[in-house]
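Hi everyone, thanks for coming. Let me put the sequence and structure up on the screen, and then we can walk through a few parts together.

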Amino acid sequence: MNADAQPVADAASQTGSPRLAVSASDDARTNEARPTAHLNERARTRLTHLLLGKSIVETLFVAALVVVFARQTFNPFFRGSLDNADAQAVAGWVVDASAPAAHVEVQLFIDGHFAARGRADHERADVRSAGRAPDEFHGYNLQPPLLPPGEHEARIYAVQPSGAGRITLQQVDKPLRFVVPVSDENKAMPNAWWEATRP
Amino acid sequence: MSAREFDNGVEVRARITEQAALGERALLVWEIVSVISSALVAEWAVLALGDWQKLALAVPVGLACVLMLASQRVRGETRRELGLSGANFGRALRLLVGPMIVGALALVCVGRFWYGAPLVFGRQRAGWELFGWPVWGFVWGLTQQYALQAFINRRLQMLWGRGWQTTLVVALLFALLHLPNPCLMAATFIGGLMWAAIYQRAPNIYALAISHAVMTWVLVSTLPAAALGGLRVGYKYFG
């Protein structure tokens, strides 16, 4: 037995402390000694320090996990804009400032529904001249599906792989509203256009 | 020394003793909470990470192991007391046989009549059936039973002594660690009651580990994988 721990019988008789364990009838059911809680001052201090240290390390560990998870899942370095949206095209540019040479994958959502995907690798000389990227190929130009006449809302999302086969979508710039005029092709389109264009 | 001074001295000593007992109880609760929190961090935070980052599992698991080993050393707990020697092995096995047979029959009935699932032995992952799975089942059972019984059960015994209260809390904590998988929570609660009660009478972790491995095998062989949620717990349960 460790020197820090004392037999409970001694401790109880010396201090008159209440027994922290069980009655004799319980003891009779097993041939093992009853676990005792008594610790001397030194042992108690050591254990308290150990528990405090573990709590601090674990708190820091969880905090680090949160930062890593947030960094991995919600990339704070996407820069870009949604410049133009109409029935024919939705265009703009996106750069990942943490990897400016990479071409970001983007997804177009119209009225809250997936409409198209592509890669921001079209020529946009102004992106390079503004110092956003080392080359000018960071523009996107996505073709929306056939939409019913009326007002619609376009949103562009940058795709962020977040590990274990998961991705997260991060909106680039503000959503853009645009109006689709009536034409022979779209006049029969239902308002729930996404039902008609579902692959 | 006057009678009054003597009475005052006794009163002060009694108060100090009371505070010390309170401090010891607080330490016991803190130890249990600390180990449980490490397990929850591992299940709910680390397993949410992807791929190689799961290696970070070593941090909470390592911290919990260090705490358990150091605490047992500080408290002077021997291998025999913890149930890590050969003592009580046969007695524990004899106590386990009855409840295990009843549990296995209950699982067969639930699988057959509730889920309509056929009995499929060796439903484990390919390649594990013959040798790997029993070994892994024993090692995994040993790890869980060590933390659950040799640490948590013993500290609860220090708090409340042996009996239904300690047994119930051990089982509840064991079920809590299997959140949010309802089927596993129910199974671990019942198993936890059995193992905690038997450990209090015949402390032997090896016998409990064998029982743990066998009952896991019975569980997987009798209930469909979908009902068991692939034995997943914590964040991984959601996919």
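I'll start with chain B and then turn to a sheet in chain A.

A quick note first: this is a predicted model, where local features need pLDDT of at least 70, side-chain atom pairs count only at pLDDT 80 or more, and totals for chains, interfaces and linings use all residues. Residues are numbered from 1 along each chain as its sequence is written, while chains are lettered from A and ligands numbered from 1 in the order in which they are written.

So, chain B: we have 9 helices and 0 strands, taking DSSP runs of H or I with at least four residues as helices and of E with at least two as strands, numbered from the N terminus. Of its 239 residues, 38% are buried, meaning 20 or more other C-beta atoms, placed from the backbone, within 10 Å of a residue's own.

Now look at H6 (residues 164-176) and H7 (residues 182-201) of chain B, which pack at about 145° with axes 8 Å apart; the axes are lines fitted to C-alpha atoms over the stretch in contact, and angles run from 0 to 180 degrees between N-to-C directions.

Over in chain A, 4 strands make an open antiparallel sheet, ordered E4-E3-E7-E8; strands pair if DSSP finds at least two bridges between them. E4 (113-119) and E8 (167-180) of chain A each have a single partner strand, so one side of each has no neighbour in the sheet. The twist averages 25° from one strand to the next. E3 (residues 105-110) of chain A is joined to E4(A) by 6 bridges, and A:Glu105 sits opposite A:Arg119 in E4(A).

Methods
Buried ≥ 20, exposed ≤ 12 C-beta atoms within 10 Å, placed from the backbone.
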